[in-house]
Amino acid sequence: MAAIEQRGDLELWVVGPGWGIPFSSAAPFPLKLETWLRMAGLRYAVKVENDTRKGPKGKTPWIVDGDLRMGDSELIIDHLREKYGRDPDEGLSARDRAIATAWHRTFEEHYHQAFEHELFFGVGGAARLEEALRGFPFVLRPLVRRMFLGQLAKQLHARGLGRHDHSTIIAMGKADLDAASAYLGDKPYWLGDAPRTIDACVFGFLGVSAYVEGDNPLFAHARSLPNLMAYTERMRARFFPETIGRDAGGPSAPVPADPELLEEAS
Ligand SMILES: N[C@@H](CCC(=O)N[C@@H](CS)C(=O)NCC(=O)O)C(=O)O
């Protein structure tokens with residue numbers, strides 16, 4: 001892993017951990033961005049904010065970099081690349097960049113829909129939502145639950161996948177994972193021997209799918225694909241070595257912060 005360097009006071013704002021997932025956030029886009037920061041060797045402090053509406057784009061993650069508050073992992077990575085002169089994609093061919101863009105969109109624009117559907121509407125979804133609601137006062141939980149599920153259903157319907165029946169949604173998500181497994185083959189990283197920005201994106205999704213508790217069929221499918229699991233473990237060992245030994249099914253608690261690397265929000 002690249003050395004972590006002190007560069008200003010970069011804050012990474014994320015939704016918190018949970019569901020047995022061994023990282024500082026249980027959400028794919030925050031995990032993507034944190035992976036990229038480690039890949040780029042940039043020092044940062046994790047701050048937890050579960051109200052995604054507080055972010056500049058109303059979504060998680062976001063960063064605070066000096067006077068700048070910025071949302072959207074893709075735009076943030078472009079900004080950090082430019083400002084700090086770190087580029088894990090240096091030397092990539094135009095063809096590899098095109099392949100990376102296509103996978104990026106597959107995970108973020110398509111798999112993400114099936115993933116979110118299964119996370120909250122699929123097997124185990126009700127229990128996961130209850131865990132997420134523990135931070136709210138008991139009396140408010142029914143209202144927050146109803147609002148959250150209503151908004152998510154509306155969003156998935158608007159994006160498109162939510163219009164299909166449940167088995168079709170699972171089949172479409174599984175097809176993304178099968179395609180990913182076939183494309184990865186026996187390569188150590190997505191585009192070959194070295195981790196690139198696309199690996200941060202893919203790991204953001206696989207890291208959460210592979211370790212989330214429960215026996216949801218979509219996530220079980222991710223775990224059943226040996227090369228995808230080996231890849232996920234490889235990325236975890238390389239970029240999050242302090243989490244090794246915290247297996248899926250373990251406590252839904254924040255990752256113990258490496259004081260050299262992370263600062264939990266107080
Ligand atoms: N394009 C954004 C997507 C971020 C995103 O969808 N985050 C999800 C959680 S992983 C979120 O905030 N969902 C809450 C909402 O949409 O209201 C990025 O790359 O950061």
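## A walk through the predicted chain

Read along the sequence, the chain runs β-α-β-β-β-α-α-α-α-α-α-α-α. That makes nine helices and four strands, where helices (H or I, at least four residues) and strands (E, at least two) are DSSP runs numbered from the N terminus. This is a predicted model, in which local features need pLDDT of at least 70 and side-chain atom pairs count only at pLDDT 80 or more, while totals for chains, interfaces and linings use all residues. Residues are numbered from 1 along each chain as its sequence is written, and side-chain values use heavy atoms, with hydrogens and water left out.

Of the 266 residues in the chain, 48% are buried. Here buried means under 20% relative accessible area, exposed means over 50%, and partly exposed is in between (1.4 Å probe, protein chains only).

**Helix α7**

Helix α7 covers residues 197-211, and its 15 residues should span 21 Å at 1.5 Å a residue; the expected span is 1.5 Å times one less than the number of residues. The end C-alpha atoms of α7 are 21 Å apart, which agrees. Even so, α7 has a kink of about 25 degrees centred on F203, the bend at a residue being the angle between axes fitted to the seven residues ending there and the seven starting there. As for cover, 15 of the 15 residues of α7 are buried.

**Salt bridges**

Next come the charged pairs. The structure holds 13 salt bridges, each a side-chain nitrogen of Lys or Arg within 4 Å of a carboxyl oxygen of Asp or Glu. One of them joins R53 to D51, with the closest N and O atoms 3.0 Å apart. R53 counts as exposed at 64% relative accessibility, whereas D51 is partly exposed, with a relative accessible area of 21%.

A further salt bridge pairs D65 with K83, their closest N and O atoms being 3.1 Å apart. Because D65 lies in strand β3 (residues 62-65) and K83 in helix α2 (residues 73-84), this pair ties together parts that are 18 residues apart in sequence. D65 counts as buried at 5% relative accessibility, and K83 as partly exposed at 46%.

R159 and E116 also form a salt bridge, with 3.6 Å between the closest N and O atoms. R159 belongs to helix α5 (residues 141-159) and E116 to helix α3 (residues 94-120), so the pair links parts that are 43 residues apart in sequence. R159 is partly exposed, with a relative accessible area of 30%, while E116 counts as buried at 15%. Elsewhere, salt bridges that share partners join D78, R81, D87 and D89 into one network.

**Around the ligand**

Now for the ligand. The residues around the ligand are A27, P28, F29, T52, K59, T60, P61, D72, S73, H112 and Q155, each with a heavy atom within 4 Å of the ligand. The table lists polar contacts, meaning pairs of N or O atoms within 3.5 Å.

| Residue | Ligand atom | Distance |
|---|---|---|
| K59 side chain | oxygen | 2.6 Å |
| D72 side chain | nitrogen | 2.9 Å |
| S73 side chain | oxygen | 2.6 Å |

On its own, the ligand has 510 Å² of accessible area, and the protein covers 80% of that area. Accessible areas come from the Shrake-Rupley method with a 1.4 Å probe.

Methods
A polar contact is a pair of N or O atoms within 3.5 Å; within protein, one must be able to donate a hydrogen and the other to accept it, and residues adjacent in sequence count only if both atoms are side-chain atoms.
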